[in-house]
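Please keep the sequence and the model at hand while reading.

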Amino acid sequence: MDRLNGPPRLMIVSDLDFTMVDHEDPQNLSLIRFNALWEAYYRHDSLLVYSTGRSPTIYRQLRNEKPLLTPDITIMSVGTEIAYGESMLPDYGWEQCFKLNWDRDVVTQETSKFPQLVPQSDTEQRPHKVSFFLEKPKSLEVIKALSERLEKHGLDVKIIYSNGTALDVLPKGAGKGQALAYLLKKFKANGRIPLNSLVCGDSGNDAELFTIPEVYGVMVSNAQEELLQWHAENAKNNPNIIHSTERCASGIIQAIGKFSLGPNVSPRDIRDFRKCRVNIFSPGHEVVKFYLFYERWRRAEVEKSDQLMENLKSSFYSLGTFVHPSGTEQPMNKCIDMMESLYGDKQGKQYCVWLDRVSTAQIGSDAWLVKFDKWESTGENRLCCLTTVLLTTKQVEEGFTWMHIHQTWLDGLEAKDQTVWLL
């Protein structure tokens, strides 16, 4: 990706539903653990890739519902569509790779002859993917008969059955594995092949990811039977593929540690940063750590201590200013005083703070500019602003001093009552 100066240190390629996102975890605890780890230690020199069966439409819906980070690359529709960055710029070159011997009209015509196949919603019917629901007891019989029918038409297709419910018909040259292989080929041509890659999945449509040579792989603990069976039949002797003992995103973190791919202790796993010094000098880690403390303070998950607040105030420049997203300016020390008065105001509520798209630029020998999206959610209400922070090491021997904060609302994510937003 253009934002990186060289090869990515790590590329994580992860499925979404029940891999990165645990739909049985209403507080999204494993996901926000991963978020803090990624933004603190990896965002600046690594790539995050989502590989999902979802179409662009319901992928965007999921991002509006869950605290998902912005990926560098999104592989969608079971590997038939690739898009780049926040703007989701399509890779039309990828679609040219598998058009041969694909005829969507014939696929639609033949699948209509199977009453067992129940079409998925219109949003999931894509130019190179036709999708259905199919009950498991009938799956083997239907897949065999459908394959034979399509083969007689001279079509090169693959039929993927996953989660015991979903059947997708794709061109044979498409799929999650082929999409990843295509990306790796592009990286290699540009001299930017990732130093390490970790693929992560839970269901049958993820199996192809684990066939790519020289990648590490994790099947999360809640992986479906079909993926575990595939592994037993095809990859049980591959030491670079593990079945984690942790669910979803926590299993991904576990795999990072198992394969020694980099830091694997999320800032959210550190209860007291005073007692657990992290030997990483990073502006990204600094902003993640502060906003984690901010969340815990308002949730009353840290002790209410004068000493804690004095330590916090010492990290902020006494003459520093904060520009609120409403446009008003005030001294940063006043903001910290206001924060002190809000101790526990979110206790017992579904309140969460997370950062996304953290980027840093050193603008002097002892000064850094840090930009990120700062999110807050309370229940289903979500707010977000683009935040810019000026940090310096000039004022202290260890750590950073916060010199200036400037925030701007992101479109459609501003607070109706501007006073509810503090920092």
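The model is predicted, so local features are reported at pLDDT of at least 70 and side-chain atom pairs only at pLDDT 80 or more, while totals for chains, interfaces and linings use all residues. Residues are numbered from 1 along each chain as its sequence is written, and side-chain values use heavy atoms, with hydrogens and water left out.

## Strands and sheets

Helices (H or I, at least four residues) and strands (E, at least two) are DSSP runs, numbered from the N terminus. Two strands count as paired if DSSP finds at least two bridges between them. Strands of a sheet pair through backbone hydrogen bonds, either parallel or antiparallel.

Strands β6 and β7 (residues 130–133) run antiparallel and are joined by two bridges; Val118 stands opposite Phe133 in β7. Contact here means heavy atoms within 4.5 Å.

Strand β10 (residues 197–201) pairs in the parallel sense with β1 (residues 11–14) over four bridges. Within that pairing, Ser14 has Cys200 as its bridge partner. Four bridges also join β10 to β11, again running parallel, and Val199 is partnered there by Gly217. A residue is buried under 20% relative accessible area, exposed over 50% and partly exposed in between (1.4 Å probe, protein chains only). Five of the five residues of β10 are buried, so the strand is largely enclosed by the rest of the structure. Ser197, Val199 and Gly201 point one way from β10, and Leu198 and Cys200 the other way.

## A buried helix

Which parts of the structure cover the buried residues of α8? The cover includes β1, α1 (29–41), β10, β11 and β12 (241–243). Eight of the eleven residues of α8 are buried, so this helix is largely enclosed by the rest of the structure. Among them are Cys248, Ala249, Ile252 and Ile256. Just after α8, Ser260 takes a positive phi of about 55°.

## Nonpolar cores

A nonpolar core is a set of buried Ala, Val, Leu, Ile, Met, Phe, Trp, Tyr and Cys residues joined through side-chain atoms within 4.5 Å. The largest has 64 residues, and those with the most contacts inside it are Ile12, Met20, Phe34, Leu198, Tyr291, Trp402 and Leu423. Beyond its neighbours within four places in sequence, Met20 is in contact with residues including Phe34, Leu48, Ala249 and Ile252. A second, separate core of 30 residues includes Val49, Trp94, Leu183 and Val215.

## Aromatic pairs

Rings of Phe, Tyr and Trp (its six-membered ring) pair if their centres lie within 6.5 Å; planes under 30 degrees apart count as stacked, over 60 as edge-to-face and the rest as tilted. The whole structure holds 20 aromatic pairs. Two tilted pairs are set out below.

| Pair | Distance between centres | Angle between planes |
|---|---|---|
| Trp94 and Tyr182 | 5.0 Å | 40° |
| Tyr216 and Phe259 | 4.6 Å | 35° |

Each pair links distant parts of the chain. Trp94 lies in helix α3 (residues 92–95) and Tyr182 in helix α6 (residues 176–189), 88 residues apart; both are buried. Tyr216 belongs to strand β11 (residues 216–219), whereas Phe259 is in the loop between α8 (248–258) and α9 (283–298), 43 residues away. Tyr216 counts as partly exposed at 21% relative accessibility, but Phe259 is buried at 11%.

Phe290, Tyr291, Tyr294, Phe316, Phe372 and Trp402 form one aromatic cluster.

## Tyr59 and its surroundings

Tyr59 lies in helix α2 (residues 56–65). Its relative accessible area is 0%, so Tyr59 is buried. Not counting residues up to four places away in sequence, Tyr59 touches Leu16, Tyr50, Arg54, Pro71, Thr74, Met76 and Met88.
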